[in-house]
Amino acid sequence: MDKVKIGRLPFLAIALTLTEIAHKAVTGESLSPTSYILSLIAGIILTLFFAWLISQMKLRKLHVFALIWLNLYVIRFLSNMIEGFFFTTIFDSIRSFVVAALIPLFFTLMEAIFAGALLTSGGRESLNALLREYLSSRSCGSWIKRIAAGSIAYFPIYFFFGMLVFPFVAEYYSDPSLGLKVPGFEVIIPVEIFRGFLYVIVLFPLMASLKWNRKTSFIALSSMLFIPGALLPLILEPSLPPEIVPFHLFEILADSLVYGLALSMILSKPKS
């Protein structure tokens with residue numbers, strides 16, 4: 001990364017921190033010194049992650065912005081909110097879910113604009129062209145099977161690590177006053193397979209945009225799944241009992257590493 005981009009990192013961290021604080025204010029969360037500090041930590045973490053991720057891309061600025069926006073919104077908010085609809089009592093209707101899901105669209109848009117504007121320079125590639133080239137490496141039927149396999153693969157990985165930590169968090173999910181609940185398998189399985197499908201759909205363009213090798217792909221996918229998808233929501237969510245946060249961090253870090261590795265293999269181009 002050149003000196004100009006390094007000099008922009010503090011400005012991006014400040015912009016992302018202020019966006020996090022504004023999001024909290026708009027959604028009615030109480031602001032305190034602790035929440036300001038956590039927002040600053042989140043801003044710094046996102047800045048460092050974006051700096052590395054964008055350095056691995058070869059896209060023009062507008063396409064970097066679109067890709068960051070898509071991944072941030074789906075992985076950090078939409079996917080988690082879908083799970084929250086079934087695993088918590090936060091949403092009392094589909095309407096309340098839809099209204100809540102619309103708000104992060106604006107704030108992830110702002111974060112993507114800041115990241116794209118401050119960290120992108122010199123990229124000339126089109127995301128559409130890279131996707132066409134990536135897709136041409138396999139047949140249509142092969143990609144359909146791989147997308148299905150990547151979607152389905154999420155559930156057993158999710159379930160395995162969830163069961164590892166469940167003995168440590170079970171009492172919290174059985175306490176109705178905390179707003180947490182565990183639905184039956186008839187709900188869990190389709191919800192998690194659908195979340196896996198969402199991950200495949202948004203991470204596939206990310207893979208196509210990277211200066212590709214399997215190691216970079218694995219790091220990028222695992223980091224995108226864990227940092228926006230788990231680390232930031234867990235440290236910033238005030239409604240979660242703090243006692244369960246370390247267990248869920250371990251769970252989703254393991255999820256992200258294993259699922260990121262699986263997707264980097266399932267969705268890879270064939271070796272030349």
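Let's start inside, with phenylalanine 50: leaving aside residues up to four places away in sequence, its contacts are Leu16, Ile68, Leu72, Ala115 and Leu119. Keep in mind that this is a predicted model.

Phe50 is also one of the residues that touch the most other members of the largest nonpolar core, which has 72 residues; the others in that group are Leu53, Met57, Ile68, Leu203, Leu206 and Tyr259. Helix α3, residues 61-87, gives this core its largest share, 13 residues. Apart from it there is another core, made of five residues, including Val169, Tyr172, Leu180 and Ile244. As background, nonpolar side chains in soluble globular proteins tend to be buried together.

Leu40, Ile44 and Leu48 make a nonpolar surface patch of about 270 Å². Take isoleucine 44, which sits in helix α2, residues 33-55.

You'll find lysine 24 in helix α1, which spans residues 3-26. Its relative accessibility is 8%, so lysine 24 counts as buried, the cut-off being under 20%. What does the side chain of lysine 24 reach? The backbone oxygen of leucine 236, at 3.2 Å. Leu236 also turns up among the residues that lysine 24 touches, along with Glu29, Leu31, Ser35 and Ser39, again not counting residues up to four places away in sequence.

Terms used
Residues are numbered from 1 along each chain as its sequence is written. This is a predicted model: local features need pLDDT of at least 70, side-chain atom pairs count only at pLDDT 80 or more; totals for chains, interfaces and linings use all residues. Side-chain values use heavy atoms; hydrogens and water are left out. Patches are made of residues with over 30% relative accessible area and no salt bridge: like charges are joined within 9 Å, nonpolar side chains (Val, Leu, Ile, Met, Phe, Trp, Tyr) within 5 Å. Accessible areas come from the Shrake-Rupley method with a 1.4 Å probe; for residues, only the protein chains shown count as cover. A salt bridge is a side-chain nitrogen of Lys or Arg within 4 Å of a carboxyl oxygen of Asp or Glu. Helices (H or I, at least four residues) and strands (E, at least two) are DSSP runs, numbered from the N terminus. Buried means under 20% relative accessible area, exposed over 50%, partly exposed in between (1.4 Å probe, protein chains only). A polar contact is a pair of N or O atoms within 3.5 Å; within protein, one must be able to donate a hydrogen and the other to accept it, and residues adjacent in sequence count only if both atoms are side-chain atoms. Contact means heavy atoms within 4.5 Å. A nonpolar core is a set of buried Ala, Val, Leu, Ile, Met, Phe, Trp, Tyr and Cys residues joined through side-chain atoms within 4.5 Å.
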